[in-house]
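Let me put the model up, and then we'll walk through it together.

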Amino acid sequence: MLGGSSCINGAIYIRAFQKDFETWVQSGAKNWDWKSVSPYYTRVETVMKPTKCCDCFHQKLNATAVNHCSENSQVFNSFVSEIIAKGGIDSTASYIPYTIDANGIRMTPFTNYLKPVMGIRNNLMKYVLVTFLSRPESVGFVRLRSIDPNEAPIIEANYLSAANDVKVISDGIKKVSQVLKSVGLTERQVMNCGEFNQESDEHWKCKAKMLGSGYFHAVGTCKMGSINSPESVVDEKLNVIGVKGLRVADASIFPTQIIANPQATVMMVAERVVDFIKENDYS
């Protein structure tokens with residue numbers, strides 16, 4: 001599929017935070033600090049044609065909204081205002097930028113990088129609002145099932161295997177439930193959690209486990225880092241360690257999970273690997 005998962009994702013575009021890249025550098029990803037990567041976000045946003053930016057988001061979070069920060073439904077605005085009033089989030093993070101153009105058409109690396117020379121029509125897309133655990137402690141794995149390369153690997157996400165993840169997400173569900181009630185909306189009932197008192201911690205933890213699901217943001221299976229680390233798969237130039245002429249440039253190279261949807265950062269990585277390839281060719 002040309003455009004990959006950007007053709008089917010939630011169309012949310014948020015830069016990773018400066019703190020994320022500090023963690024990357026500490027994990028062995030040399031020269032992937034904020035100063036090094038931020039120009040590549042700007043390059044992506046130039047190609048993706050940003051429109052109608054939220055000034056507050058851009059100025060205070062150093063993130064460029066790709067579209068329609070201000071055009072939200074009355075329910076959404078009431079929801080955000082209530083959370084801000086209760087101290088749940090900062091007002092600078094009120095609206096979510098999307099990779100959707102002014103006509104409601106989904107924008108992807110395919111449509112904005114390749115389509116101009118191919119002339120292929122793209123699809124209509126509506127935006128969604130979600131809440132999720134941005135920095136989980138639970139860690140999964142991908143392992144070989146056997147020495148047969150045709151056999152599917154073992155993939156274990158280990159969702160909510162860390163006790164603190166269950167606590168954080170259940171506390172979040174509890175707060176969201178309170179906000180929904182305050183703006184006149186009803187929460188979703190979970191049949192299997194009826195045995196618990198509705199205000200008990202057990203009730204909210206049950207909801208977290210019954211309603212929770214992955215948001216398809218798995219990263220780090222080809223971790224970037226020092227060539228001397230046994231955990232590293234690619235080096236800081238995204239070369240596969242020990243394999244000549246092969247690079248990886250997608251979410252799998254993230255040394256750690258970022259506090260944002262990965263789409264913007266994957267595009268930034270792709271822009272940066274272009275310069276790595278050029279440097280290699282020219283040298």
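Before going on, some housekeeping. This is a predicted model, where local features need a pLDDT of at least 70, side-chain atom pairs count only at pLDDT 80 or more, and totals for chains, interfaces and linings use all residues. Residues are numbered from 1 along each chain as its sequence is written, and side-chain values use heavy atoms, with hydrogens and water left out.

So how confident is the predictor? pLDDT is its confidence in each residue, from 0 to 100. The protein chain averages 77, and 72% of the residues score at least 70. Over residues 50–70, though, the pLDDT is below 50, and that stretch has 56 contacts in the model beyond near neighbours in sequence. Residues 90–94 also have a pLDDT below 50, with 11 contacts beyond near neighbours in sequence. A contact here is heavy atoms within 4.5 Å. Where pLDDT is low, the predicted coordinates should not be read in detail.

Now the overall layout. The protein chain has eight helices and two strands, and from the N terminus on the elements run α-α-α-α-α-β-β-α-α-α. Those are DSSP runs numbered from the N terminus: helices are H or I with at least four residues, strands are E with at least two. Of the 283 residues, 36% are buried. If you take contacts with a separation of 6 or more, 60% of them come from residues 24 or more positions apart.

Just after H1, Gly 28 takes a positive phi of about 110 degrees.

Speaking of phi, most residues other than glycine have a negative one. Asn 31 has a positive value, near 65 degrees, and sits in the loop between H1 and helix H2 (34–47). Asn 31 counts as partly exposed, at 38% relative accessibility. Then there's Leu 238, not a glycine either, with a positive phi of about 70 degrees. You'll find Leu 238 in the loop between H7 and helix H8 (263–282), and at 0% relative accessibility it counts as buried.

His 217 lies in the loop between H7 and H8 too, and counts as buried at 19% relative accessibility. Leaving aside neighbours within four places in sequence, His 217 is in contact with Gln 257, Asn 261 and Pro 262.

Last stop, H7 itself, residues 201–211. Its buried residues are His 203, Trp 204, Cys 206, Lys 207 and Ala 208, and what covers them includes helix H6 (163–182). That's my tour, so over to you.

Conventions. Buried < 20%, exposed > 50% of the residue type's maximum accessible area, 1.4 Å probe, protein only. pLDDT = per-residue confidence, 0-100.
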